[in-house]
Amino acid sequence: MSLPELHLSKPGVTFPATRVDNAEIIRRVRSQYKGSEDDWPTIESAIDRVFAMCRTQVRYLEPNIDARVADYAVTAAKQCLDVNGATLEDVDLLICGGIARQYFEPATAMEVAAKLGLKRTHAFDVTAACVGHLEAIQTAAAYLGLHDEYRTALVCTSELSGDYLSYDIQEVKDLYVKSAGLTIGNAATCVLLRRMPWPGGGIHLRGIDTHAVPDHWELCQVPIQGTLISSSIELMRLGKLIPPLLRKNLGKVGFDPTKVEHYVFHQPSEAIVRKILEDIGADPERGVYSHHLYGNTASASVGVTYHRMLEERTMKAGDKIVLGSAAAGFSVVIATGEWSLQ
């Protein structure tokens, strides 16, 4: 099935009020450290190197571990509807693409729909680690292609880390699986997808594709009743798979990597994004960067970075845009499009 005529709206985003800098993260690690005082400077220095490499500066974290994932999604959804001049009456499909959740069932999307006031709608979750929001957008595209009666899909994600982050680092080798958690930030974001252009501007989708290498599923996990573990070095090595996939997907829609104006990628690290763009021959300054402002916001990071693009850049009709994310699994989702106006 080919991609139908579809337009992605401007995003709505929201963050917790609590701003956490690197010094506070190091303080949290220090408070749980039980080792020798002589060894602490080595651990602190190693954490500082992680932050420097990723360009991590601040992130926003919800201090209440009982805060509702759905409430953040509702806030982002209301902002998204408002900024795009849309109403709930237009929404026939609601998909939540986040990792975080309060329960195994029902779908978080059901709570979001109820709290928005949607009495009758098709609502469900798509769970795919950090590519979850883009996978949910792709799923919405498929449903809109199958159901002529569906007018607009509301696609959200909400990432609250709760008690899934560990600051229990007793030696440098612990950072091999825990350093990624020190860069995590919380956020929620939402976009709308429909067949008509958006009056204030949006992305006319040209293509969206998923690629998976499931042999590496064990490299990054959040176990049930556990904390995030991520083999960051091995995952970074898998980054070599991304440039060929990008070239392939850009080629499918006739995009020259050097002519794409805006690259909006998942933000585990600014250095990783710059390296990918260099490897495909694109100017790294065409990338939009948000990690230094918000940290790694998991599946919300593409929406957060899309929002950042609109804050700092003047968009022109026809500008080529690439949305992309990689995730635990290992999987990659790449969407291509052009900025359009109604």
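Arg 308 counts as partly exposed, at 22% relative accessibility; here buried means under 20% relative accessible area, exposed over 50%, and partly exposed in between, with a 1.4 Å probe and protein chains only. Glu 312 is also partly exposed, with a relative accessible area of 39%. The side chains of Arg 308 and Glu 312 meet in a salt bridge, 3.2 Å from N to O. A salt bridge is a side-chain nitrogen of Lys or Arg within 4 Å of a carboxyl oxygen of Asp or Glu. Because Glu 312 and Arg 308 are four residues apart in helix H11, about one helical turn separates them. Helices (H or I, at least four residues) and strands (E, at least two) are DSSP runs, numbered from the N terminus.

A word on the source. This is a predicted model, in which local features need pLDDT of at least 70 and side-chain atom pairs count only at pLDDT 80 or more, while totals for chains, interfaces and linings use all residues. Residues are numbered from 1 along each chain as its sequence is written, and side-chain values use heavy atoms, with hydrogens and water left out.

Back to the charges. How many salt bridges does the structure hold? There are 19. One of them joins Asp 92 and Arg 151, with the closest N and O atoms 3.0 Å apart. This pair links distant parts of the chain, 59 residues apart: Asp 92 is in strand S5, and Arg 151 is in the loop between H5 and S7. Asp 92 is buried, at 16% relative accessible area, whereas Arg 151 is partly exposed, at 43%.

Another salt bridge runs between Glu 285 and Arg 274, their closest N and O atoms being 2.9 Å apart. Glu 285 lies in the loop between helix H9 (270-279) and helix H10 (291-294), and Arg 274 in helix H9, so the pair ties together parts 11 residues apart in sequence.

Next, the nonpolar side. A nonpolar core is a set of buried Ala, Val, Leu, Ile, Met, Phe, Trp, Tyr and Cys residues joined through side-chain atoms within 4.5 Å. The largest one has 36 residues, and those with the most contacts inside it include Leu 8, Ile 203 and Tyr 306. Which element gives the largest share of this core? H5 does, with six residues. Apart from this core lies another, of 28 residues, among them Cys 80 and Leu 160.

Last, Ile 203. Leaving aside neighbours within four places in sequence, Ile 203 is in contact with residues including Leu 6, Tyr 306, Leu 323 and Trp 339, where contact means heavy atoms within 4.5 Å.
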